[in-house]
Amino acid sequence: MDLEAFKKSAELIVSRNVSERVQAVFADFKNETGSLSLIYCTNGKPTEDDEEDCEVACAELLAHYPDIRIAETQCVAISDKPLITGMTKIFFRE
């Protein structure tokens, strides 16, 4: 998979699936294993709606990219300082 094309598609898909509470979204795709990690970082404790938005974005990415064989999502408060080292910033609210 072309990672630059993935980033652009992911930015578009995620932008349709974020509430005002989402401060940042990070993604990582590993070609060798076909694994996708998607992390939504929210302002405060994530709500069920935040988690659903994250799952919907993941499902849309799965539908768009058949190279993805394994996917995991995480929805966390940005104040919890999630481990995002090496991940691509897909969305950031300033």
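Trainee: Which residues do ring pairs link into a cluster here?

Mentor: Keep in mind that this is a predicted model. The count of aromatic pairs comes to two. Those ring pairs build a cluster from Phe 6, Phe 29 and Tyr 65.

Trainee: Is the pair of Phe 6 and Phe 29 stacked, edge-to-face or tilted?

Mentor: Look at the planes: they sit 40° apart, with 6.0 Å centre to centre. Stacked needs under 30 degrees and edge-to-face needs over 60. So the pair of Phe 6 and Phe 29 falls in the rest, by the cut-offs, and is called tilted.

Trainee: How many residues apart in sequence are the parts that this pair ties together?

Mentor: Phe 6 belongs to helix H1, residues 3–15. Phe 29 belongs to strand S1, residues 22–30, so the pair bridges parts separated in sequence by 23 residues.

Trainee: Is Phe 29 buried or exposed?

Mentor: Buried means under 20% relative accessible area. Phe 6 comes in at 5%, so Phe 6 passes. Phe 29 has 8% relative accessibility, so Phe 29 counts as buried.

Trainee: What kind of pair do the rings of Phe 6 and Tyr 65 make?

Mentor: Their centres are 5.5 Å apart. The planes meet at 65°, and over 60 is the cut-off, so this pair is edge-to-face.

Trainee: Where does Tyr 65 lie?

Mentor: The pair links distant parts of the chain, with Phe 6 in helix H1 and Tyr 65 59 residues apart from it. Both residues, Phe 6 and Tyr 65, are buried. As for the spot, Tyr 65 is in the loop between helix H2 (48–64) and strand S3 (70–77).

Technical notes
Residues are numbered from 1 along each chain as its sequence is written. This is a predicted model: local features need pLDDT of at least 70, side-chain atom pairs count only at pLDDT 80 or more; totals for chains, interfaces and linings use all residues. Side-chain values use heavy atoms; hydrogens and water are left out. Rings of Phe, Tyr and Trp (its six-membered ring) pair if their centres lie within 6.5 Å; planes under 30 degrees apart count as stacked, over 60 as edge-to-face and the rest as tilted. Helices (H or I, at least four residues) and strands (E, at least two) are DSSP runs, numbered from the N terminus. Buried means under 20% relative accessible area, exposed over 50%, partly exposed in between (1.4 Å probe, protein chains only).
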